[in-house]
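Please keep the sequence and the structure open while you go through them.

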Amino acid sequence: MSSPNIRPGVPTRKHTALPKAQTLIEALPWLTRHHGKIVVIKFGGNAMVDDELKCAFAQDVVFLRHAGLKPVVVHGGGPQISAHLDKLGLVSEFKAGLRVTTPEAMDVVRMVLAGQVQRELVGLLNQHGPLAIGMTGEDAHTMTATKRFAEINGESVDIGRVGDITDIDAGAIQALLDDGRIPVVSSIARSQDDGHVYNINADTAAAALAAALGAETLMVLTDVEGLYEDWPNSDEVISKLTASQLEQLLPELASGMVPKMEGCLHAVRHGVRTARVIDGRVQHSILLEIFTDEGVGTMVVADDRETGEA
């Protein structure tokens, strides 16, 4: 006897929300594998200066948190720093791709990163609940640095308060993660050598932090689609490569991509499962990369994970 609520021969209604359900199902293996795992995200590029992209980024990070992951955001602020220096009549000078950072410029860097960029991002995240807490690499000695010199024509050139990370103490960040918070970290650090505060490349800082935290994934937002196969002859993006393959490509890369890809290389060679460079110009690029089969960037894996699951 047929049910009175079912009419034989009548096709099942097509629900307009079905594609959304299919996308969520695509995400299920990723969510299962990453549940409770740490994801370090370097926030930068166009996503930092476009209001719609900033809001979409904040939504993505909060989504990860509510999906059971533990996101950590590391940021720089090059465009904002340059704009503020211009307002003060201070010249923005670069050598070997690094900002020459005088003590006066370092005061601006510190103020802009911790007092402007970080506060805005924390505010966007906290629109969705009491989640984000801002800190800098100085706090709790999270990042310790030493003075960095630029290499120009084989010579070391003093570029001021620019530093290299010598040590990471991730205890304070881990405590925030254990409390269910989203740490937002500005890429500045204090030196044990001279006590000065140094400006740290945010790509480098994010990679070092990902390794120290034992993160599952490092994600680096940038202003290109990913790593190109044969730029400028082709705009074909490499979807996946191993650490050894990336190491061979490094000498050929444009200067702007070098710290990003060096960061990815450092991360996967120090225990991070995957490192990804993704196009931050695309709204919700983080979710597109990790929750769908297509992805929107380049993924780097350790050599022994070449055939492993992404």
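1. Aspartate 279 has a relative accessible area of 6%, so this residue is buried, where buried means under 20% relative accessible area, exposed means over 50% and partly exposed lies in between, using a 1.4 Å probe and protein chains only. Aspartate 279 forms a salt bridge with arginine 281, and the closest N and O atoms of the pair are 2.9 Å apart; a salt bridge here is a side-chain nitrogen of Lys or Arg within 4 Å of a carboxyl oxygen of Asp or Glu. Arginine 281, at 40% relative accessibility, counts as partly exposed. Salt bridges with shared partners also join Lys37, Glu216 and Arg273 into one network.

2. A word on the source: this is a predicted model, in which local features need pLDDT of at least 70 and side-chain atom pairs count only at pLDDT 80 or more, whereas totals for chains, interfaces and linings use all residues. Residues are numbered from 1 along each chain as its sequence is written, and side-chain values use heavy atoms, with hydrogens and water left out.

3. The protein chain has nine helices and 14 strands, which are DSSP runs numbered from the N terminus (helices are H or I with at least four residues, strands are E with at least two). Its C-alpha trace spans about 85 × 45 × 35 Å along the principal axes, and buried residues make up 47% of the 310 residues.

4. Eight strands form an open sheet in the order 5-8-2-1-11-13-14-12, with mixed pairing; two strands pair if DSSP finds at least two bridges between them. The edges are strand 5 (132-136) and strand 12 (240-242), each of which pairs on one side only. Strand 12 runs parallel to strand 14 (residues 297-301), and three bridges join them. Leucine 241 stands opposite valine 300 in strand 14.

5. Which strands does helix 5 lie across? Helix 5 (residues 171-178) lies across strand 1 (38-43), strand 2 (70-75), strand 5 and strand 8 (182-186), and runs at about 135° to strand 2. For such angles, axes are lines fitted to C-alpha atoms, for helices over the stretch in contact, and the values run from 0 to 180 degrees between N-to-C directions.

6. Lysine 42 lies in strand 1, and at 8% relative accessibility this lysine counts as buried. Its side chain makes a polar contact with the side chain of aspartate 203 at 3.2 Å; a polar contact is a pair of N or O atoms within 3.5 Å, and within protein one must be able to donate a hydrogen and the other to accept it, while residues adjacent in sequence count only if both atoms are side-chain atoms. Not counting residues up to four places away in sequence, lysine 42 touches several residues, including Val74, Met219 and Lys260, where contact means heavy atoms within 4.5 Å.

7. A search of the whole structure finds 14 salt bridges. One of them joins lysine 147 and aspartate 158, with the closest N and O atoms 2.9 Å apart. Lysine 147 lies in strand 6 (residues 143-152) and aspartate 158 in strand 7 (residues 155-168), so this pair ties together parts that are 11 residues apart in sequence. Lysine 147 is partly exposed, with a relative accessible area of 27%, and aspartate 158 is partly exposed as well, at 46%.
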